[in-house]
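Please look through the sequence and the structure before reading on.

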Amino acid sequence: MIRKESWNSGKSLQVFQLLRFGMLVLIGVLLTHSKLNVGDIGQYESFLFWAGLASFFWVNGLIQGALPMAGAEESDGEQRKSPFLFTVFFLLLVFSTATALVFTILYKAGLLAFLSGHAWYWFLLFVVFGIPANLTVYVYLVKNRSVEMLLYGAGAFGLQFFLILFALLYGGGIETILEILGLVALLRFVWLVKLIFHHSSVVFSRELARKLLLRSWPLILATLLSGSAQYIDGWLVTIRFDSAAFAIFRFGARELPFVVLIANAFSNSMLPKFGKSSGFKSHLKEIRERSAKMMNWMFPLTAVLMISSPWFFPVIFSQAFAESASIFNIYLLLIIPRLVFPQTILNGIGQTKLISRASFYEILINVGLSVLLSFPFGLEGIAAATVIAYLFEKYYLAYWLYRREGVSLADYLDGKRHLLFSAGILTLFVLIETVIY
């Protein structure tokens, strides 16, 4: 039986991530319909891109490593405040400060051309304070504060959206937009400090930090390797094809964002539970049941998009990007491994080195197959290599989870349902590519 509060905290994390995604989309729409020119919008996008590129791997790795440990800390009871949350917070602040120092060196060397004037100081503020502020939502997750999590998300993202809206309505330029990003990041950081002081003792524990770093470094490496796959694909396209082909590939090479967000949020929401000393089988059952529910609506929606993509790609973009629909449909097949969660269980029980090893093999397979398949199949071959490599990674992890822990795929996956949906989406893909269009 799934506890109601556990369900709510996991569900709230998924909604929170969708709120964040929706806010970014809406701000993008606002900017494209404002008086800002393309160069100004490019500066905004570069601001977010570089901050994300320099931090996504260590932020995700540290937080994913911390969540099972946080669950173990919570299981000890709440009679005393643990120094764990403060230790995680301090490490994130150290990493973000180090990242800002690297950016300072690059800026002084003239390698960050998108920053000029006061924008540089707001960027540094965003990096140093905004990146650690990502911990806030996971404090709410660990403490099972679902309502507070959603109120925080609505408040933080709503504030950023409306401040940018008002700035654009009253003639603010790109400098004002970047100032708002920095200001909201600082406010989110202040809120995190308040939470840390409330829920944790303000003591840095070297022992906890050591355990966290030992547990997290394979996850940091795995996240870095997995996140670099899209850049490797793009690099291979530029080597094998011309700039027009690169544009076609980039427009199509994308998963459904909410599938990735919801699957990752669900995985993270399960991690604190594995840190507890009991209930392992119930956690496996929960993963099985909730992933089955996600399949029930994600696969049909994917099928609808797969059928309609050859029509809407030329309409939304132009006829020149009609071929992007085939790339997009191949990437939609990533839903098959996306809804299998052996990495969640392995992380939860501390087998993080297996995850980094699997990511390394995934990159090798992706590069090798991309080169081989690009000759007979062109851009579609490079996209197919990504799907095959990701499938290998997931089932490699599932194999070793069974070998080391005796946890079979059937323990955490509704195999019949997954096989039926997978066969259906693959059949539909073949029909679309060979018969329908």
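Predicted model: local features only at pLDDT ≥ 70, side-chain atom pairs only at ≥ 80, totals over all residues.

## The largest cavity

Rolling a probe the size of a water molecule over the atoms shows where empty space is left. In this structure the search finds 3 cavities of 30 Å³ or more, and the largest of them holds about 80 Å³ of space. Two or more residues of its lining come from each of α3 (56-75), α4 (84-108) and α6 (136-142). Among the lining residues are I63, A66, F84, V88, Y138 and V142, and by class the lining has 11 nonpolar residues, with no polar and no charged ones.

## The second largest cavity

The second largest cavity has a volume of about 60 Å³, and its lining includes E255, T302 and Y331. By class, this lining has 6 nonpolar, 1 polar and 1 charged residues.

## Aromatic rings

Across the whole structure there are 31 aromatic pairs. One of them is the stacked pair of F299 and F421, with 5.1 Å from centre to centre and 5° between the planes. Because F299 lies in helix α13 (residues 280-316) and F421 in helix α20 (residues 415-436), the pair ties together parts that are 122 residues apart in sequence. F299 is buried, with a relative accessible area of 2%, whereas F421 is partly exposed, at 23%.

Elsewhere, ring pairs link F47, F103, Y107, W120, F123 and F126 into a cluster. K194 lies over the face of W191, at 4.7 Å from the ring centre.

Conventions
Residues numbered from 1 in each chain as written. Heavy atoms only, no water. 1 Å grid on protein atoms, 1.4 Å probe; cavity = no way out; pocket = protein on both sides within 12 Å on 5 of 7 lines; lining within 4 Å. Points joined across faces, edges and corners; volume = space filled by probe spheres on them. Helix = DSSP H or I, 4+ residues; strand = E, 2+ residues; numbered from the N terminus. Nonpolar A, V, L, I, M, F, W, Y, C, P; charged D, E, K, R; others polar. Phe/Tyr/Trp six-rings, centres within 6.5 Å; stacked < 30°, edge-to-face > 60°. Buried < 20%, exposed > 50% of the residue type's maximum accessible area, 1.4 Å probe, protein only. Lys NZ or Arg CZ within 6 Å of the ring centre and 35° of its normal.
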